[in-house]
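Let's take a friendly walk through a protein model together. Have a look at the sequence and the structure below, and then follow along step by step.

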Amino acid sequence: MSRSGRPTIAIAFHSGYGHTAVIAEAVARGAAEADAEVVSIAVGTITDEQWAQLDAADAIIFGAPTYMGTASAAFHAFAEASSRRWFSHVWVDKLAAGFTNSGAKNGDKSSTLGYFATMAAQHGMHWISLGLQPGWASTTGTEDDINRLGFFMGAGAQSPTDAGPEAVHESDIATAEHLGARVAHQAAIFRAGRATLPA
């Protein structure tokens, strides 16, 4: 936890081709602008020091691309390694949230977000949803609406498979920023509530 009184948000993510990294950066930006301390951790190269940062965080936001209906293999390896924390209840009562990216508009991203939520539940964490109504859901809506893909469990993004990270949609970036800010606000509320509890 932060010694400054501000909540610490850790973003534990894997990015295969750079698109999901753009979303992770947006989540981090949203959390930082909401006055949280933010650490971003690429789980494919995680170090002991970074594991300790996850252990100390108030909230962990999980992120990975959706490959073949679930999170990437590198993220699964990280999740499996987190079982050491599961055995010792290190992440119990932390907040959790998630984001994912795929090439298709839907791309079975709900499966990946559900996987993140299940992992968080196994750790005894509290899941924070996206908290947005779906955009682009009426004749007056457009693909520039925030939450244009209409996910509720977390932030979903879509990136063309034949384009680089610069092609990540601005709406998806804004949606990811919203998720980071929402988790930061909820983490601040949790910290304030814990401070009122007797020692």
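Start at Asp172, which touches Ile23, Arg148, Leu149, Gly156, Ala157 and Gln158, leaving aside residues up to four places away in sequence. Where does Asp172 sit? Asp172 belongs to helix α6. Is Asp172 buried or exposed? Its relative accessibility is 2%, so Asp172 counts as buried. Keep in mind as you explore that this is a predicted model.

From here, let's turn to the strand β3, which covers residues 59–67. Eight of the nine residues of β3 are buried, so this strand is largely enclosed by the rest of the structure. Which strands pair with β3? One partner is β1, joined to β3 by five bridges, and these two strands run parallel. You can pick out one of the pairings by looking for Phe13, whose bridge partner in β3 is Gly63. Another partner is β5, which is linked to β3 by seven bridges and also runs parallel to it. Here, Ala64 stands opposite Thr100 in β5.

A further pairing of β3 is with β4, a strand made of residues 70–71. Two bridges join β3 and β4, and this time the strands run antiparallel. Tyr67 has Thr70 as its bridge partner in β4. The two strands form a hairpin with two residues between them, and in this hairpin Met68 takes a positive phi near 50°.

Positive phi values turn up elsewhere in the model too. Asp108 is not a glycine, yet it has a positive phi of about 60°. You will find Asp108 in the loop between β5 and α5, the latter being residues 109–122. With a relative accessibility of 46%, Asp108 counts as partly exposed, because that class lies between 20% and 50%. Asn147 is another residue other than glycine with a positive phi, in this case near 55°. Its place is in the loop between β6 (126–127) and β7. Asn147 has a relative accessibility of 1%, so it counts as buried.

Next, let's look at how nonpolar residues gather inside the protein. How many residues does the largest nonpolar core have? This core has 31 residues, and those with the most contacts inside it are Ile9, Ile11, Val27, Ile61, Phe99, Leu179 and Val183. At least two residues of the core come from each of β1 (8–13), α1, β3, β5, β7 (155–158) and α6 (170–195). Which element gives the most to this core? That is α1, with eight residues. A second, separate core holds 23 residues, including Ala12, Val43, Ala64 and Phe151.

Not counting residues up to four places away in sequence, Ile11 touches Ala24, Val27, Ala28, Val38, Val39, Ser40, Ile41, Ile61 and Phe99. Among these neighbours, Val27, Ile61 and Phe99 are also on the list of residues with the most contacts inside the core.

Now for some open space. The largest pocket contains about 220 Å³. It is lined by 15 residues, and the closest to its centre are Tyr17, Tyr67, Asn101, Gly103 and Thr161. The elements that give two or more residues to the lining are α1 (19–33), β3 (59–67) and β5 (95–102). The largest share, three residues, comes from β3. What kinds of residue make up the lining? Four are nonpolar, 11 are polar and none are charged.

Finally, visit the loop between β7 and α6, where Ser159 is found. At 3% relative accessibility, Ser159 counts as buried. Leaving out residues up to four places away in sequence, Ser159 touches His19, Asn101, Ser102, Gly103 and Val168. For a sense of distance, compare Ala167 with Gln50: they are 117 residues apart along the chain, and 29 Å separates their C-alpha atoms.

Note on methods:
Residues are numbered from 1 along each chain as its sequence is written. This is a predicted model: local features need pLDDT of at least 70, side-chain atom pairs count only at pLDDT 80 or more; totals for chains, interfaces and linings use all residues. Side-chain values use heavy atoms; hydrogens and water are left out. On a 1 Å grid over the protein atoms alone, a cavity is a set of points where a 1.4 Å probe fits but cannot get out, and a pocket is an open set with protein on both sides within 12 Å along at least five of seven lines; lining residues have an atom within 4 Å of a point. Grid points are joined across faces, edges and corners, and a volume is the space filled by probe spheres set on the points. Helices (H or I, at least four residues) and strands (E, at least two) are DSSP runs, numbered from the N terminus. Ala, Val, Leu, Ile, Met, Phe, Trp, Tyr, Cys and Pro count as nonpolar, Asp, Glu, Lys and Arg as charged, and the others, Gly among them, as polar. A nonpolar core is a set of buried Ala, Val, Leu, Ile, Met, Phe, Trp, Tyr and Cys residues joined through side-chain atoms within 4.5 Å. Buried means under 20% relative accessible area, exposed over 50%, partly exposed in between (1.4 Å probe, protein chains only). Contact means heavy atoms within 4.5 Å. Two strands pair if DSSP finds at least two bridges between them.
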